[in-house]
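Let's walk through this structure together, one step at a time. Have the sequence and the 3D view ready as you read.

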Amino acid sequence: MAEKSENSDKSAADDRNGSRPAMEVLRTAGGQLSELTGLRAETVTRLERTDDGWLIEVEVLELARVPDTVSLMASYEVITDRDGQLTGYRRTRRYERGRADRR
């Protein structure tokens, strides 16, 4: 019960600071990205609060292929304001699902 109260206090503090909780921002931004691109986020690989809002990196399935390991995936950088409203996005990378980065 105390945990719920702490979470409520944190959400209230986030609202006062003009920023939404991370999970709420992810849901909002993910939905907006999906509406704009027709693609659904499969994985969040980066979530960072910035001075102006949030920077999020998500991976999406761009083109399904058989076998699944050769499906085309993409990484998108998503920028939101403090309320989680999408203010910009761009594709930063495109690759086959089964391929690892060369590093």
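A residue is called buried under 20% relative accessible area, exposed over 50%, and partly exposed in between, using a 1.4 Å probe and protein chains only. By that rule Y76 is buried, because its relative accessible area is 8%, while Y89 counts as partly exposed at 37%. The model is predicted, so local features need pLDDT of at least 70 and side-chain atom pairs count only at pLDDT 80 or more, whereas totals for chains, interfaces and linings use all residues. Residues are numbered from 1 along each chain as its sequence is written, and side-chain values use heavy atoms, leaving out hydrogens and water.

Now look at the strands, which are DSSP runs (E, at least two residues) numbered from the N terminus. Two of them pair if DSSP finds at least two bridges between them. Here four strands form an open sheet in the order β1-β2-β3-β4, with antiparallel pairing. Strands β1 (41-49) and β4 (86-96) stand at the edges with a single partner strand each, so one side of each has no neighbour in the sheet. Further in, β2 (residues 53-63) and β3 (residues 72-81) are joined by 10 bridges; W54, for example, has T80 in β3 as its bridge partner.

Which aromatic rings pair up? Rings of Phe, Tyr and Trp (its six-membered ring) pair if their centres lie within 6.5 Å; planes under 30 degrees apart are stacked, over 60 edge-to-face, and the rest tilted. The whole structure holds one aromatic pair. The ring centres of Y76 and Y89 are 6.1 Å apart and their planes stand at 40°, so this pair is tilted. Y76 belongs to β3 and Y89 to β4, so the pair ties together parts 13 residues apart in sequence.
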